[in-house]
Every structure is written in structure tokens, then in C-alpha cells.
Amino acid sequence: MTATLLTSILAAVFGSLQIGYHTGNVNAPAKIIEEFFNHTWWSRHNQSMPDHSLTFLWSLSVSIKDFGALLGSLGVKCLADTFGRRNSILIVNALSVVGACLMFASKANESFEMLIVGRLVFGLFCGLVMSLNPLYIQEVSPTNLRGAFATLNQVSFATGILLGMVAGLETVLGTKELWAMMLSLSLIPALLQYLALPFCPESPRYLLINRGQESQAETALWRLRGPSDEVFTELEEMKQEAAHTQSALTVKEFFTKRSYRQPIIIVLIVNLGSQLSGFNAIINYSTKMFDKADFDEAKYLTLGVGAVNVTFTLVAFFLMERAGRRKLLLTGFLCLAVCNLSMTIIDSVLFLVPELRSLQVLVVFFLISAYEVGPGPISWFIAAELFDQPARPIAMAFTSMLNWGGKFMLALLFPPLLKLCGAYVYLLFMTMALTAFSFTWRRLPETKGRTFDDIAAEFRGSEGIPLLTNKTGFNTFP
């Protein structure tokens, strides 16, 4: 652990803090912003907005960020390979600044369109930075701390959600007068990132393997590791990885190469299982859910959701290099399935037994904790560990598209699905969690404590052969 390494990681995760903030701050003041939509419509057309149009516009406002992130994911490879990991993070930070300014200006201009466009622009930033951050963090971190440091991206994201929930309270900034200012506060971490990240080193792996700049890579490693023999060991490991990989890779080659087939399927199932397991529905609509259960202070219960979220990302940080990715994923998916089944049962009989509403809150908190201990953080960085250097940016773009695509679908479809299916909507989430659990059990190798080249070599030699558990506890190919 060096000051430069810690500064590099903390400066990078300012991006995910911004994303978490704009995920959490639209929950509590939803009714106030809906009133702004209605007031704007009235000033233009001299009549109230129809209820179905208001519902659609609000769903669009919530989900457009995730759609923008889905589009932004497409640019990850181009940026990461052209400008480097660190510089790309600094470039895309400008999108966050523009998006926040548009959202802030929407109230003064009486334009809900400006608010929606602002969230779309901010969404482009989300899709790019949530891939670039794990990519940068994993490539600058030592092997024995790689997973734990990558989890800090999720810790920052969860912290941002909690800060957004607090800021959105009517007693803080979630008022008719101050909600636009609340939406602009993400400019603070954006500015802090511009002040800190330029002084951090570029990824040594990018410098050596992508650019062939060995002396610059060695200098970056010295800054990150300090005076240590690990510098020469790590340089040698990177040279070995470079010898096993091709210099460039197209998107078509990524999806057709046989050695990438297994990791692609693993990333697909783990990410969809994570995003469609019910967590995002609860984060976006928890206040309305608690209102439905007749809690007087539903907004403050939502704060409890945010606090549990942060707490268990920190638990994941400490467990990641002890329990390993595989055990945490399996535990998380199984618990998510149990929680969704419990939500279905409780929601179905809540009108008969109102006393169960307290149990419903506990189940929601347990679901959040199950997600953040394993599927939440691991789904964002597992692709960076399963692929070699040329494929890693494409794999992270693929991860981002799956994550944000799942969030977008859920944000847009959850309200109508809830009306259509009622409590049984949680059975869909349970099915996804069980599918991900089954596949993880059979296919995912443990990556804890293994070098990138070691993991990539396992897939290079597999050619699609099923996995078995060996004596060391790794799930590997025979």
C-alpha cells in the first residue's frame, strides 16, 4: 500500500460517487418533480397533464439515465485503447459536468425536456466510467488486493446513493425551491476528480502491453508499489502476458474466438442475474413501496435502505480477498432468491395481516445486503479478471451494456409489471437469481489471488470443456 496507489483509486471512484448520487436523489422528491412536470405542462397548454402521460414521463426520466449509459458503453474500447485508462476517465468526466448543469438549469427555464436530456447526457457518463473505473483500478492494483480495491468502486457508488437519498429529503434539499440545486451537487466530486486524478500514474499494463513503453510502465509501477522487488516480478508477469496475446482485437474477433466463449457466457449470466434480481427495483421505488405499506415515514425507511447498502459494500470489501469471488456470488444469488420468494409471500397477504409490514422492511434490508456482499460489486469487475489485455476493454464495455441495459429495462418495466403481476413480479427476480446461482456453481472459476495471465491461460487451454473443482479449491477445467 502506497500513498500514490490509494490516491489513484480514490480519485477514480469519485466518478462512481456521482453516479450513485444521481441514482439515489430522485427517489424521495419524486412527487415534487412530478409537480414541476405538471406545472410546466399547465403553463404551456393551460391544462393538467394526463395521468398516463405523467407516469410515462416520470418513468422515462428515471430510466433515461440507464439508456444513456447503455449507449455510452459502446465507446469504452475506443477511449480506453486510444487515450489510456486514466485519461479516458478525465475526458468522460466532462459529460457529468454538462449533464449536471442541464439538470440544474431545467427549473429556471421551466423545461422538463432539459431535465430529461441532462439525465441522458449524465447516463452517457455512467456507461463509460463504470467500465473505465474497474479497468483502471484492476490494472494498477497488486494481485492480492485487486478484488478488494475493485470493490471500492461499488462502495463509492453505494455511498453516493445514500448521499443522494439524504439530499433528496424534504427536510434537506428535496423541496420545490431547492430540488434543482440538489441535482447539481454532483459537480463537487467531478471537480475533485479533475484536481486529483491528473497527478496519478497511467495503468502500467496499458503502457507496456498496449503501447510497448516499458520504461514508462516501470516508472508507473515504482510510483504505485514503492521500492519493492514486486516491481520486477510484476513487469515480468506483464511481459509474459504480452507474449501470449495478440496486439489488437476487433469486436467480431472478441465474440468469435473460442477461448473467449466461456468467459463471455459467464459475464452474461452473472451480470443479468445481478441486475434482474430485484435490487434496482427496490432502490428506485422503495419510497413508493413503503408508502403502499402505510409507513408514515417511508422516506426515512428508504434512508435505511441506503445505509444497509453502504454497510454491506464495506463488508464485501473486507471479505473479497478472504472468501473469494465464487463463494460470495453463490451466497448472494441464493439469498436473493430466498428474499424475492419472501417478498412475494408477504406482499400477497399484507392486506390481510398488516403487521407483516415490519417483516417486509427486514426482507428488503436483507435483499440489499445479499446483493452488495457478492453480485453487486463482483458483476462490475469480474470481466476484467476473466479476459486478457486486448479483450479487457471490450469485455468491460460488454459488462457495462449488460448492467445498464438491465437497469434500463427494470426502471422502465417495473411499474407496469407491478400493476400487472402484483406481488408475483418478485418470482421473476427469484428465477433470475436461481439461474445465475446454478450457472455460477457449475462454470465460474475462482480468480482470487491469481494473476491475469494465469486466469487467461485457463481459458486458452479449455476450448469449452466443462469445469471441475481441483484440490486447491479452484473451479477449473480438466
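## Confidence of the model

Where pLDDT is low, the predicted coordinates should not be read in detail. The protein chain averages a pLDDT of 87, and 92% of the residues score at least 70. Confidence in the protein chain is lowest in strand 1 (residues 468–469), with a mean of 42, and highest in helix 10 (residues 187–196), at 96. Helices (H or I, at least four residues) and strands (E, at least two) are DSSP runs, numbered from the N terminus.

This is a predicted model, in which local features need pLDDT of at least 70 and side-chain atom pairs count only at pLDDT 80 or more, while totals for chains, interfaces and linings use all residues. Residues are numbered from 1 along each chain as its sequence is written, and side-chain values use heavy atoms, with hydrogens and water left out.

An unreviewed UniProt entry annotates residues 1–15 as "signal peptide"; UniProt positions are given in the numbering used here, feature names are shortened, and annotations may be inferred rather than shown by experiment. Over residues 1–15 the chain is 80% helix and 0% strand, and the end C-alpha atoms are 22 Å apart.

The domain assignment gives domain 1 (1–200) and domain 2 (248–461), with bounds that come from an automatic or database domain assignment. The contact between them takes 52 residues from domain 1 and 53 residues from domain 2. The C-alpha centres of domain 1 and domain 2 are 20 Å apart.

## Aromatic rings

The structure holds 17 aromatic pairs. Rings of Phe, Tyr and Trp (its six-membered ring) pair if their centres lie within 6.5 Å; planes under 30 degrees apart count as stacked, over 60 as edge-to-face and the rest as tilted. W222 and F232 are an edge-to-face pair because their ring centres are 5.7 Å apart and their planes stand at 85°. W222 is in helix 12 (residues 214–225) and F232 in helix 13 (residues 230–244), ten residues apart. W222 is partly exposed at 32% relative accessibility, and F232 is also partly exposed, at 46%. Here buried means under 20% relative accessible area, exposed over 50%, and partly exposed in between (1.4 Å probe, protein chains only).

One aromatic cluster is formed by F36, F37, W58, F112 and W179. Two arginines lie over the face of F452: R146 at 4.6 Å from the ring centre and R392 at 4.1 Å. A charge sits over a ring if NZ of Lys or CZ of Arg is within 6 Å of the ring centre and within 35 degrees of the ring normal.

## Individual residues

N93 is found in helix 6 (residues 85–108) and is buried, with a relative accessible area of 0%. Not counting residues up to four places away in sequence, N93 touches Q18, F125, A190, Q193 and Y194. C335, in helix 18 (residues 325–349), is partly exposed at 22%. Beyond its neighbours within four places in sequence, C335 is in contact with F366 and A370.

N46 is in the loop between helix 3 (30–45) and helix 4 (51–72) and counts as exposed at 59% relative accessibility. E110 lies in the loop between helix 6 and helix 7 (112–140) and is partly exposed at 39%.

Key
pLDDT = per-residue confidence, 0-100. Contact = heavy atoms within 4.5 Å.
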